[in-house]
Amino acid sequence: MSMAAVLERLRANVDKMKSVEYRHEQLRALLRCIDENVDRWTEALRKDLHKAKMECLVMEVNYTRNEVICHLNNLDEWTKPEYVKKELLQISDECYIQKEPLGVVLIIGAWNYPVQLVLCPLIAAISAGNCAIMKPSELSEATAALIEELLPKYVDKDCFAVINGGVKETTELLEQKFDHIMYTGNSNVGKIVMAAAAKHLTPVTLELGGKSPCYVDKNCDVEVAARRIAWGRFVNSGQTCIAPDYVLCPSENQERLLKGLQAALEEYFGKDPKESEDYCRIVNQRHFQRVKTMIDKTKGSIAIGGDSDEKDLYISPTVVKDVQPTDALMEGEIFGPVLPIVTAETADDAVRFINSRDKPLALYAFANDKKVVRDIAQRTSSGSFCGNDTMMQMSLATLPFGGVGPSGMGSYHGKFGFDAFSHKKAVLVKALAMEKVNNLRYPPYTEKKMSWINWLSAKKEKSRGGIFSFLSFTVIMTILAVLIKVLTVMTYLV
Ligand code: NAD
């Protein structure tokens, strides 16, 4: 079946998804799809990335499961009309925001967390009432095949389709007209996706990457920081979009930090990480070569690791010290198990360095004094920020997940995902009574009408403080509301 034909089939069924009850049904079906196949998900992830079972469960299966449950628990609330604050002019009108589905959306996933990066956008698309085509990454082949096999057995085939393939298939898909595209991956392809979407004026959510900095302050429990950084950087062999990409640290702390990282890595993966059941592999030869070349080209000195085995797609957890800002490791996102340490003597130096580069997807700062941490959050811009830990900002579905500037646009997770795939329709419903009031805005225009319109609608600047100004505003509004209600009733009685 051609891609246009698949899209046509889904488009013919968009009305089915308008029913909130049907969305519940589809989300419950997706939950069964996750729960009844836990072993198959973990096997596929092991094949693609050598992921440990616990990591598969925590960061993929259970994570996605929790996302479905979050949507099931909140969907009724999120789909309700959202009544808005009114002004004098609309006092007797019904004014609300109606969340409506967009139609058929395209979800393009990446390979590093290949379950959650396809299914979490799908959950959001379903709860917002859309049909969807999913295009998993061809690099995580086993998981992509499993998604293609399992999904049609659980969710409605007339509303959802999985299309597997690489550049050719994605390019063909992008020629079609969708109502929204959510893409996860690198920024070069992000530009291709956005350009293709622009041809149809299709809105996009782009979940991209970049170099996420991690500042370690001079006054900091360096050993604890090292454990948290080592986990964030080396989980999934560094192939995590929000992993700390490099450390900024005062020179006086660097030796302690290195010792802490070494100790943490030994504790997590043993003396030889290659033998560890819990250490992942690089996804393919191309990415192996890309990361290996960065290590080979660095002018910094390798303090930890540096070993690799191409046949096994293995690169050991590697920490490089004395790295200059112009080093090969500081050019693009590393997206592999390498952590450069760059000197920044003070928080001010770190902020200057961060602000001179692209806005990152995530930013981390470690300091004993939370004021220092909050100050860095305030003086920099990034998709997300986490103080005194790494990556934990994504564990909370009430926080949005997304980038800013070159690290992405739009966000999802929890209600943010529901919003990403919804149109917020402005609705105002008037009664047919009180036409006399409406006469004010019809021609012929007169000065008297104008002064009434000004009185009714011209905005007044609110005084910024003081309980009295608030109280007097509330009292005036209440009196006016009562007067208008009385007038309305009288109009009906006359
Ligand atoms: P990838 O190679 O799997 O590509 C992503 C998707 O784009 C795939 O489905 C692929 O088929 C498609 N694609 C590739 N080339 C294309 C082309 N020329 N035209 C059309 N489609 C094409 O993944 P990747 O890009 O290697 O992913 C890694 C990047 O993604 C990193 O930068 C990482 O930081 C980022 N990432 C971001 C997030 C996030 O949530 N922000 C999550 C994961 C990864």
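Cysteine 95 stands opposite leucine 428 in strand 18. The model is predicted: local features need pLDDT of at least 70, side-chain atom pairs count only at pLDDT 80 or more, and totals for chains, interfaces and linings use all residues. Residues are numbered from 1 along each chain as its sequence is written, and side-chain values use heavy atoms, with hydrogens and water left out. Helices (H or I, at least four residues) and strands (E, at least two) are DSSP runs, numbered from the N terminus.

- Two strands pair if DSSP finds at least two bridges between them.
- Strand 2 (residues 94–101) runs antiparallel to strand 18, joined to it by 8 bridges.

- An open sheet of 7 strands has the order 10-13-14-9-8-15-16, and its pairing is mixed.
- Strand 10 (301–304) and strand 16 (384–387) each have a single partner strand, so one side of each lacks a neighbour in the sheet.
- On average, neighbouring strands here are turned by 25° against each other, direction ignored.
- Strand 8 (residues 213–216) pairs with strand 9 (residues 246–249) in the parallel sense, over 3 bridges. Proline 213 has tyrosine 246 in strand 9 as its bridge partner.
- Helix 13 (residues 370–379) packs on this sheet and touches strand 8, strand 15 (362–366) and strand 16. Contact means heavy atoms within 4.5 Å.
- The direction of helix 13 makes about 170° with that of strand 16. Axes are lines fitted to C-alpha atoms, for helices over the stretch in contact, and angles run from 0 to 180 degrees between N-to-C directions.

**Helix 9 against helix 10**

- Helix 9 (residues 222–234) and helix 10 (residues 251–269) pack at about 55°, with axes 8 Å apart.
- The two helices, helix 9 and helix 10, are therefore oblique to each other (under 35 degrees is roughly parallel, over 145 roughly antiparallel, 65 to 115 roughly perpendicular, the rest oblique).
- Residues of helix 9 in the contact include Val222, Ile229 and Trp231, and those of helix 10 include Leu257, Leu261 and Tyr268.

**Aspartate 179**

- Aspartate 179 sits in the loop between helix 7 (167–175) and strand 6 (180–184).
- Leaving out residues up to four places away in sequence, aspartate 179 touches Arg11, Leu102, Gly103, Val104, Thr202 and Pro203.
- A polar atom of the aspartate 179 side chain lies 2.8 Å from the backbone nitrogen of valine 104.

Methods:
Polar contact = N/O pair within 3.5 Å; in protein donor to acceptor, adjacent residues only side chain to side chain.
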